[in-house]
Amino acid sequence: MKNLNVLISGASVAGPALAYWLHRHGFTPTIVERAPALRDGGYAVDFRGEAHLTVLRRMGILADLERARTGMGFMSYVNDAGKPIAKLPADLFAGDIEILRGDLARILYDATKNHTEYVFGDSITSITEDAHGVNVTFERGAPRRFDLVIGADGLHSNTRRLAFGPEEQFVKHLGLYCAIFTTENHLGLDHTGHAYRTANRLVAMYSAHHNTQARAMFYFGSPALGLDRRDVARQQAVLAEQFAGNGWQSDRLLHEMRYAPDFYFDSVGQVHMDTWSRGRVALLGDAAYCPSSLSGMGSGLALVGAYVLAGELAAAQGDHRTAFARYEQEMREYATGCQKMGDGVAKLMVPSSRALASFLNRYYKVMPYLPGKNMPAKMARKAAENINLRDYRELARR
Ligand SMILES: Cc1cc2nc3c(=O)[nH]c(=O)nc-3n(C[C@H](O)[C@H](O)[C@H](O)COP(=O)(O)OP(=O)(O)OC[C@H]3O[C@@H](n4cnc5c(N)ncnc54)[C@H](O)[C@@H]3O)c2cc1C
């Protein structure tokens, strides 16, 4: 086996899942994460279809996820007075297993912490490759040498910027912004969510942690605003400008936003790249092929990608050229299909005109009675299952 020491940037979904499989195949993973500690909380993510469940089962964590699932029921679209006008079934939003991203990160961390070196509160500043390895410098820690570097650091990947160039080349803005934060469950939502949609805007609330909390979620249509991702005050001001007087719970949630412990704000984007590797550096998950936060596909895609990348490295006995090429061959069509879902959902979830918003509200009302009512969930499942997973476990050493 070659190239045993692998540095991974990012400890969310893709990074720890890759570390899990690399260790099983006999590699030594190290993870560097910019956040000072494991990031808890956050929004709900979901897994759907056999490919996702197979990988979770093979990792031995399916039961842990099932225990931590949100157990969400249907999602209601409401009018300004909060009266439900349409109900959408849980499997459309929640897939087979829905779990808070922070809970998922914790399960993945627990499954890897005994055999993976985690370095929190640091970030790569340079990657210099030679014939035998990669010299890496960090914001805080001393320089180190690794055999390979994998960027699993999300939509705004630092590794991608260092190895491939500025993100403008790769990130496609889908014309929406999103904000999400923890709030009090003042509506008393019981394993359910309410969403209020107007032209170019959607505001929603869903219960979390078995109704002890809720998450507030805002989406609005806008061209790229060029906001500083660290300037939370400016982001909150933009959100307030967009939603003040918007109706339903908008004003109350805008007030609560100022006290939220975990305010998250970002553009909704996809990543499109001609290749996911350069020399000894490869990208994984959202860093390589983000399908957008609206697709409901990102976590499953990251998980499957990690399984395939580690498996191909093992199958090629660590030969990164062969493995990275095979990883792309196995994953490219799958990732493209999931990205197509992301495109479609963005347009439907936040319609650009009042006429379309009101048409969709009326359509959702009658949807449960139409013959094609299960079509959207079926399409999502089809995209999520569109891969023949190789069984790499025979290569696993541990
Ligand atoms: C609001 C929202 C809702 C979503 N809903 C769903 C859903 O319903 N279903 C679904 O499947 N997916 C959903 N997603 C997408 C899902 O969260 C991602 O696709 C998935 O988490 C991808 O995992 P990842 O590990 O590739 O990237 P991320 O989860 O983005 O993780 C990247 C990690 O890298 C770290 N990092 C960033 N920069 C650096 C750096 N310089 N150095 C070191 N570390 C760094 C970050 O702190 C983070 O821990 C949603 C996303 C958002 C934002």
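1. Which polar backbone atom is 3.4 Å from a nitrogen atom of the ligand? In this predicted model, the atom belongs to serine 293. The protein buries 91% of the 1,000 Å² that the ligand exposes when taken alone.

2. Two further polar contacts involve oxygen on the ligand side. Aspartate 286 places a polar side-chain atom 2.9 Å from an oxygen atom of the ligand.

3. The shell around the ligand holds 29 residues. By class, the shell divides into eleven nonpolar, eleven polar and seven charged residues.

4. As to secondary structure, the elements that give two or more residues to this shell are strands β2 (28-33) and β3 (44-47) and helix α10 (298-315). The most comes from β3, which gives three residues.

5. The remaining points concern helix packing. Two packed helices are described by the angle between their axes and the distance between the axes. Helix α7 (residues 232-243) and helix α8 (residues 250-257) have axes that cross at roughly 170° and come within 10 Å. Angles over 145 degrees count as roughly antiparallel, so α7 is roughly antiparallel to α8.

6. On the α7 side of this contact are Gln236, Leu239, Ala240 and Phe243. They meet Ser250, Asp251, Leu254 and Met257 of α8. The residues of the contact divide into five nonpolar, two polar and one charged.

7. Helix α2 (residues 49-58) packs against helix α13 (residues 375-385) with the axes 5 Å apart and an angle of about 50°. The two helices, α2 and α13, are therefore oblique to each other.

8. Which residues of α2 and α13 meet? From α2 they are Gly49, Glu50, Ala51 and His52, and from α13 they are Arg381, Ala384 and Glu385. By class, this contact has two nonpolar, two polar and three charged residues. For the contact of α7 with α8, the corresponding division is five nonpolar, two polar and one charged.

Note on methods: Residues numbered from 1 in each chain as written. Predicted model: local features only at pLDDT ≥ 70, side-chain atom pairs only at ≥ 80, totals over all residues. Heavy atoms only, no water. Near = heavy atom within 4 Å. Polar contact = N/O pair within 3.5 Å; in protein donor to acceptor, adjacent residues only side chain to side chain. Areas by Shrake-Rupley, 256 points an atom, 1.4 Å probe, with all protein chains shown as cover. Helix = DSSP H or I, 4+ residues; strand = E, 2+ residues; numbered from the N terminus. Nonpolar A, V, L, I, M, F, W, Y, C, P; charged D, E, K, R; others polar. Axes fitted to C-alpha atoms, helices over the stretch in contact; angles between N-to-C directions. Parallel < 35°, antiparallel > 145°, perpendicular 65-115°, else oblique. Contact = heavy atoms within 4.5 Å.
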